[in-house]
Amino acid sequence: MSALRLAREGLSSLGKNKLRSFFMMAGTMVGIAALTVILALTQGARKKMMQRIDKFLGPRTIMLMAGKDPGPPDMAVTTLTLADADAIKEKVPDLESITPISWSFSLHLKSDAGKETRSMMWGVTETWHASTSWKTVAGDGITGEDVAGLSRVCLIGQTIRKVFLHRKVDDLL
């Protein structure tokens, strides 16, 4: 059977079954459009997630947490110590910095005016600034002397400042 004859019979068949042909073409177009939308949404979500990760810690950060199960960190597991951080730095000499962190989630704060917010508290060392993309906007960051002297230093985020202090950063210094 020649290609010309096949093309003629195909077109003839399409002409005889117009409604069926229409639905087949419409189904194909809807399927292609749905796949295109799904791929676009997936790529957009991936890009947004990577931007959030980059903003949160930085593009070259790896977090190691105590415990054996993946998922949210187990606050009861405290098997990683400062000595472990020093050992990791010694065994992996190409690391730019290593930052031990202790944190508390679900910290409930209430202002004198009755405003409430949920926050988290991070306990960090002076290497925190070099390890993350978070920068101190005003005032001083955490120093080695602060850590060595067990100083009570508090760096607050923008949300806490806005909700509880109602002041510009410059007014706090």
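There's one salt bridge in this structure, a term used here for a side-chain nitrogen of Lys or Arg within 4 Å of a carboxyl oxygen of Asp or Glu. This is a predicted model, so local features need pLDDT of at least 70 and side-chain atom pairs count only at pLDDT 80 or more, while totals for chains, interfaces and linings use all residues. Residues are numbered from 1 along each chain as its sequence is written, and side-chain values use heavy atoms, with hydrogens and water left out.

The pair in question is Glu9 and Arg5, whose closest N and O atoms sit 3.3 Å apart. Both belong to helix α1 (residues 3-16), four residues apart, or about one turn of the helix. Side chains of opposite charge can pair when their charged atoms come close. Glu9 is partly exposed at 39% relative accessibility, and Arg5 is partly exposed too, at 45%. (Buried means under 20% relative accessible area, exposed over 50%, partly exposed in between, with a 1.4 Å probe and protein chains only.)

Now zoom out. The chain has seven helices and two strands, running α-α-α-β-β-α-α-α-α along the sequence; these are DSSP runs numbered from the N terminus, helices being H or I of at least four residues and strands E of at least two. Among contacts (heavy atoms within 4.5 Å) with a separation of 6 or more, 37% link residues 24 or more positions apart.

Finally, look at Leu19 in helix α2 (residues 18-56). Leu19 is exposed, with a relative accessible area of 59%.
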